[in-house]
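Q: I would like a close look at a single part of this protein, followed by how the rest is arranged. Please keep it plain.

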Amino acid sequence: MKRREFLNIGLLTLGGVLVGRNFAFADALTETQEVFRKADPVSSYDMIINGAGLCGFFIALEAVKKGLKVLIVDKRTSPGFDIAAKRKLWLSAEGLEEWDKSLLDLFFPTDEQEESLNNTLESPRKSRSGNELLLFAGSIKKGMLRSLLVNQVDVLLMNDVCGILTNDRSETSGVLVASKHGVFSIPCRSFVDATDGVLFTRELFAQKYQIREAGFVLEMDSVHKNSLGKLHLSGLNLLNDTVSVHAGKKDKDQYFVEYRFATEDNDLSHIEQRARLLSAMVSKQIREADPAFSKARTRYAALECSLNIEGEIDSQKIGIKNYYYMENSSEFYTCKTVCGIKEQAKSLVEKIEKSPDMNSVSQVYYIGGKAECNVVPECYKENGFMTPLSPFPVDILKLDKHKTVLLVAGAGTAGAMAALSASQKQIQTVVVEYFNELGGTKTVAGVNGYYRGYQEHKFIKELEQKIKTVAAETNLVTTLPRSYYYLQSLLEHKCKIINGAILCAAEVDKTKLKSVTVCQNGRLYKILAELTIDATGDGDVAYFAGENYSVGDSRMGITQNYSHWDIPFKPKIKDYNRDYDIINNCEILETQRGLYLSHYESHFYDFYPMLAIRESRRINAVYNLSTRDIISDTCYEDTIAQARSDYDPHYFSSSESSRCGFMLPHFDNMSMVNIPYRSIVPRKIDGLLLSGKSIGQSYKALQFTRMSADITVLGYVTGMLAAQILKKKCNVRELDVTPVQKELIASSYLPADATVARKVDLQDIVDKLSTGDETVLFKCCMQEKKQILPLLQAAFEKRPEIFLAKALAWFGDTSGSNYIIDELKTLYRQEQQEGHASSYFEKYDDKLLYWQINKDIALLGMMSATEDGNEMINYILEETKSGGEMVVSDDAYTKGRIDLQLIPYYNRIVNLCFYLERNPDVKFIENLEKLMDDPNIKGYKTSEYNQTRWRIYGANLELLLAVAAIRCGSMKGTECLISYLEDIHSNFRYFSRNELCSVYGKDGGYDRAAWRKLVKDKKSLKVSPLKKSIEV
């Protein structure tokens, strides 16, 4: 829809847009294509809104109707905080007659009815129970986001407004936002505060207020009769000793229980923590309060409290022009109050006039101060895509400073345990966490169980028993017992927990980490710690401190795909943990894209607030764990922890070890991985330890260490090491880990032999290969070339053997190439006779004939080409086709694995490309271009957010073919790569540009027109073989 056409359509038409689970990637995502795509610092935004609750939502829609360019910012991962995040999923029916179809569509989308099992509900749309209208949190979040996007409102989630920019006339000229990517300025002409209780305005202008009371909602099941109204619960210090009970929409035995309590201060962290401590007591006592709750279980809880705030805002003290605010109360919504919010939003927007001029910047107002500044708007680019954000020098602000001995950044899988173990050793500890719930991926992302990892570890078994005890005593289920146990344990050991906070900057003095900047509810401040543990999972602190890092594989920067889990409820849905796409969450736009897609694809009932990102930054450490270490079962004198997993990259991987068939998905080395202390020590930054997924390790090694059980233990051990460093008052690089190792060994948390270094017997490996023992081939290939290659050459000269020939090929030695070619010819003839099924579903079984051929193709690609080799490869290339359309699994789990739904010859083509780009020749062009024209292979570039989920791996294959073609001299490959400069995936844009630069020796950036101008006179290209080191 064009903007001018949209302006003629009112909110009644577009206010609430239906969103279906399967609608996202066919049509709906095209609606988000313009988000941030035309960022222009000169034109800027006419309005920026802080807070995407109902107030901010209706203000945004009214503003775009008036022709204003609008950005809405929210610190959360979803819009609709006043209903969905507070889990107040009911409305009084008072005023329902005033609602039009658009409001009904927004609050009660028709498609959600498929997920409701409560057959007692009445009209409208099977949502009414008595005088209340019941809601699904997922419907609210999905509908509000899509309504904003389809109305051309830009939406920026997981960003907290932390300052207002003004010109010398005190007129609004922009805002500051803090995110996990840093602190940025965004230019605008007017600002509206629609935060919860207008807390940002109250704090910014030092307005007096008091949070008098707070409310919290629990969701329960197994309630056996209609028990609406009030229940009496004494002895818990609840207001009036009562809880309110409301029916649930999902099923007849689902009920919501709300309780309120008086607050002691305005500290939101304290309020949220108290609400959660009370939840266990309410859940336990309610069984005795009413027979209907005798078997009730508390399944989920609100993400945040509702607040009752006293204190009038003195608008005369707001010294900024074009600054507006809209007070709201999420205490009790009725249909009538929703209409009132809508009308109030309309009245506010009517006061705002569109200014033709862009304001300059002379000052910045922030909570606690004001500073002179001169910000020149400059769009921040991410691999060719523009954002409206400009990096802001936060060091010009005079921020409050808070001191502590130990700072733990992140209270997730590793961080909560690191904080606990340090606190247990009487170390003054502060832990900073983005969410109000502790536990990270295992709680807020919903991945509560264990897949692989060393689950039999004594510490894990002890931890799980404690969590089971909490569940049994409190009637908390799903993720709640874990997060409650973490909270209770940390508070018991006097650990200070800062919730709802974003780590957004760091200060370094030479190489010493001096402070970390935090944004909490719009307030920026610094935490100065003697030692910091980066347990963010993404290496955020190390990144801000300037440590080097890597993301994804060495060739394309491809990471594992991410998933987003729906909250399961009976009947248990089979596809509640679907994989969605590949994103790089180190980038702003990629993070936003991941959040958008998750909303479109998720279920109506609800979904967890956290994306399950499997892979992010890997920080450069003193020692980076590698595949060589893992396959060789390396032990270290400074081993501190162990990990145990198969190789599950959720990606086919174009690396050498995978293409040669050594490390296919679900390869299992059948041994423990030892993690040395040096891998948690950053290479150049002092005063910092790493924990979790972001430790020093290679892309391949990460797949063996990333499982939650192992990260939990590593976090606990990291806390112990931090305590030792602080007690010894030594540098992180000077620590003698022996005392901690002894303690771990004594507790049976670490086997003693894991700390005894041992050498690999290279001659024994070679001797086994000489006798036809294929089991040591991979181990052989993982050794240092200069040490093992002479032994292989001597053995092969003495006794030529196929596995020796393959090991030589891995190291680039052509001595045994004819043996591999002869084997390939035999295998391929056999496949031609037997055929390769069009229904072939990829299970990565290296014993299959299909994969035996693939492996030989890749091994030939590891060495210089021979005439016989090129002839055989070209013959296979000529015979190779896609094999048909993508083969869909009939298994519920693998149906959601986008990395497994592939065309039948997918990995054959990938391996051919692997060979061709390393040994390019013009003779391959004809057959390569024929493959590129296969209708099941071409056309996967996605530039409009359209169908990315099932296109990602098709696009990956198309790119690999294009690269092989261009390196063989094909102009068709050039055109394909140029087209991918505008793909929605940042990795693909980056890869395409790099490959074009590598082949042409010139750089047209991400500008397709510039590249076409550079190559327009080229009739042909010189072959350009790929030169790269082996990824281990």
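Which residue in β13 does Gly229 stand opposite?

A: Gly229 stands opposite Val245 in β13. The model is a predicted one, and what follows is computed from it.

Gly229 opens the way to strand β12, which covers residues 229-232. Strands β12 and β13 run antiparallel and are joined by four bridges. Strand β13 takes up residues 242-247. It also pairs with strand β14 (residues 255-262), again in the antiparallel sense, over five bridges. One of the pairings with β14 is that of Ser244, whose bridge partner is Glu258.

As for burial, five of the six residues of β13 are buried, so the strand is largely enclosed by the rest of the structure. In a regular strand, side chains alternate between the two faces of the sheet.

The largest nonpolar core has 327 residues, and within it Trp99, Phe107 and Tyr677 touch the most other members. Beyond its neighbours within four places in sequence, Tyr677 is in contact with Asp638, Ile640, Leu689, Leu721, Ile725, Val732, Leu735 and Val737. Another core, of 25 residues, lies apart from the largest one and includes Leu156, Val175, Tyr365 and Leu389.

Domains 4 and 5 can be described as a pair. Between them the two domains bury about 1300 Å², with 50% of it on carbon and sulfur atoms. On the domain 4 side, Asp579, Ile582 and Arg593 lose the most area to domain 5, together 36% of what that side buries. The count of salt bridges between domain 4 and domain 5 is one. Asp579 also forms a salt bridge with Arg897, where the closest N and O atoms are 3.7 Å apart.

Asn584 sits in the loop between β31 (579-581) and α14 (588-601). Its relative accessibility is 10%, so Asn584 counts as buried. Leaving aside neighbours within four places in sequence, the contacts of Asn584 are with Val551, Glu590, Thr591 and Asn987.

Technical notes. Residues numbered from 1 in each chain as written. Predicted model: local features only at pLDDT ≥ 70, side-chain atom pairs only at ≥ 80, totals over all residues. Heavy atoms only, no water. Core = buried A, V, L, I, M, F, W, Y, C linked by side-chain atoms within 4.5 Å. Buried < 20%, exposed > 50% of the residue type's maximum accessible area, 1.4 Å probe, protein only. Contact = heavy atoms within 4.5 Å. Helix = DSSP H or I, 4+ residues; strand = E, 2+ residues; numbered from the N terminus. Pairing = 2+ DSSP bridges. Buried area = accessible area lost by both parts, 1.4 Å probe. Salt bridge = Lys/Arg side-chain N within 4 Å of Asp/Glu carboxyl O.
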